[in-house]
Amino acid sequence: MAETLYQIIGRHRVQPLPERKPPWLKVRAPGGQNYLRLKQMMRELSLHTVCEEAHCPNVGECWEHGAATFMILGDVCTRNCGYCAVSHGRPPKYDIEEPNRVAAAVAEMRLQHAVIASVDRDDLPDYGAYIFAETIRQIKAQLPTCSVEVLVPDFQGDESAIRTVLEAAPDIYNHNTETVPRLYKRARPGGRYERVMRIFRTAKRIAPHIPTKSGIILGLGETNEEVELVMRDLREVDVDILTLGQYLRPSDGHLPLDRYVTPEEFRMLYEKGMAMGFRHVESGPLVRSSYHAWEQVQAAGV
């Protein structure tokens, strides 16, 4: 196996990865009746989901539960993060009618909680903030009982874009930190760790009543000590909800997997996070940002 960053800098001794995924990462292949119904609905409405585009291992479970994370603003990202399965390139012009179609799907599914995410749209003057805000408004108009979580890009840290989304009153404002500062240049070259923390400070200043949320993927070459430091940084900027999950390499062209993090380590990080004061921590090998999002909302008292 080629050397990982861990081995190069000598942070610890890396054991060879097993040839097969450990048993705790095995999931049933999707294909239930509700999954097939939702898949057909997404195609009919020309909608994209993070569940499919990011090769999420939980797509079968979530879709059978009647939950999905919608990906607005197209399926081509202006950035090229080393861990992400979403296509990179020049996005097409966005569809101004997309918010209405997303809201129609949410209403037809009778969701209690909807998650709206997007690719990065650095090509747009507002980075896509208006479409996020309009999607929130349309969902609340068509299904007032549905809570709405937005998983937003960093909007280049632009305060007016952050304000545009928050003024549409999402129930949760989510932006993923993804990894530790040492690995940002390698894993997330278009992002900045300091910018992430500034985004959360800005969000809490603009709308202190709206819960904030962030996520970290493990297995890229970080240490647990580095993860704990990021968790503390997130608490210092008053992030309320945290998700921690295992990185799974989408293809040979993506960043190599450094290691499989054990369920016991995820449990340890959960306990540390709750002790730090997060309102809710979702931590486990199969956890993704929107995994069990409906339960996170209840647990956090939203």
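**The whole chain**

Before selecting anything, bear in mind that this is a predicted model. With the cartoon displayed, the protein shows 12 helices and 10 strands. If you colour by accessibility, buried residues account for 57% of the 302 residues in the protein. Among the contacts between residues at least 6 apart in sequence, 74% join residues that are at least 24 apart.

**Helices H6 and H7**

Select residues 129-142, which form helix H6, together with residues 159-166, which form helix H7; the axes of these two helices come within 8 Å and cross at roughly 10 degrees. Because angles under 35 degrees count as roughly parallel, H6 is described as roughly parallel to H7. Which residues in H6 and H7 meet? Show side chains for Ala129, Tyr130, Phe132, Ala133 and Ile136 in H6, and for Ala161, Thr164 and Val165 in H7, and you have the residues that meet. By residue class, this contact of H6 with H7 divides into 7 nonpolar residues, 1 polar residue and no charged ones.

**Aromatic rings**

The ring centres of Phe132 and Phe155 are 6.1 Å apart and their planes stand at 80 degrees, so the pair is edge-to-face. Phe132 belongs to helix H6, whereas Phe155 lies in the loop between strand E6 (147-151) and H7, so the pair ties together parts that are 23 residues apart in sequence. Are these two residues, Phe132 and Phe155, buried or exposed? Both Phe132 and Phe155 are buried.

Now select Tyr184 and Tyr193, an aromatic pair that is likewise edge-to-face, with 5.8 Å from centre to centre and 80 degrees between the planes. Tyr184 is buried, as is Tyr193.

For a charge and a ring, move to Arg235 and Phe278, where Arg235 lies over the face of Phe278 at 5.5 Å from the ring centre.

Select Ser87, in strand E4, and then Gly89, in the loop between strand E4 (87-88) and helix H5 (98-109). Ser87 counts as partly exposed at 40% relative accessibility, and Gly89 also counts as partly exposed, at 28%. With residues up to four places away in sequence left out, Ser87 touches Asp75, Val76 and Cys77, while Gly89 is in contact with Val76, Cys77 and Thr78.

**Two residues with positive phi**

Follow the chain to Arg110, in the loop between H5 and strand E5 (113-118), where phi is positive at about 55 degrees although the residue is not a glycine. Arg110 counts as exposed, with 58% relative accessibility. Next select Tyr127, in the loop between E5 and H6; its phi is near 60 degrees, again a positive value in a residue other than glycine. Is Tyr127 buried or exposed? At 18% relative accessibility, Tyr127 counts as buried.

Select Asn174, in strand E7 (residues 172-174), which is buried with a relative accessible area of 0%. Show what surrounds Asn174, leaving aside its neighbours within four places in sequence, and the contacts are Glu149, Val150, Leu151, Val152, Lys213, Ser214 and Ser289.

Finish at His209, in the loop between helix H9 (193-206) and strand E8 (212-218). His209 is exposed, with a relative accessible area of 66%. A line drawn from the C-alpha atom of His209 to that of Ile172 spans 9.8 Å, for two residues that are 37 residues apart along the chain.

Conventions:
Residues are numbered from 1 along each chain as its sequence is written. This is a predicted model: local features need pLDDT of at least 70, side-chain atom pairs count only at pLDDT 80 or more; totals for chains, interfaces and linings use all residues. Side-chain values use heavy atoms; hydrogens and water are left out. Axes are lines fitted to C-alpha atoms, for helices over the stretch in contact, and angles run from 0 to 180 degrees between N-to-C directions. Helices (H or I, at least four residues) and strands (E, at least two) are DSSP runs, numbered from the N terminus. Angles under 35 degrees count as roughly parallel, over 145 as roughly antiparallel, 65 to 115 as roughly perpendicular and the rest as oblique. Contact means heavy atoms within 4.5 Å. Ala, Val, Leu, Ile, Met, Phe, Trp, Tyr, Cys and Pro count as nonpolar, Asp, Glu, Lys and Arg as charged, and the others, Gly among them, as polar. Rings of Phe, Tyr and Trp (its six-membered ring) pair if their centres lie within 6.5 Å; planes under 30 degrees apart count as stacked, over 60 as edge-to-face and the rest as tilted. Buried means under 20% relative accessible area, exposed over 50%, partly exposed in between (1.4 Å probe, protein chains only). A charge sits over a ring if NZ of Lys or CZ of Arg is within 6 Å of the ring centre and within 35 degrees of the ring normal.
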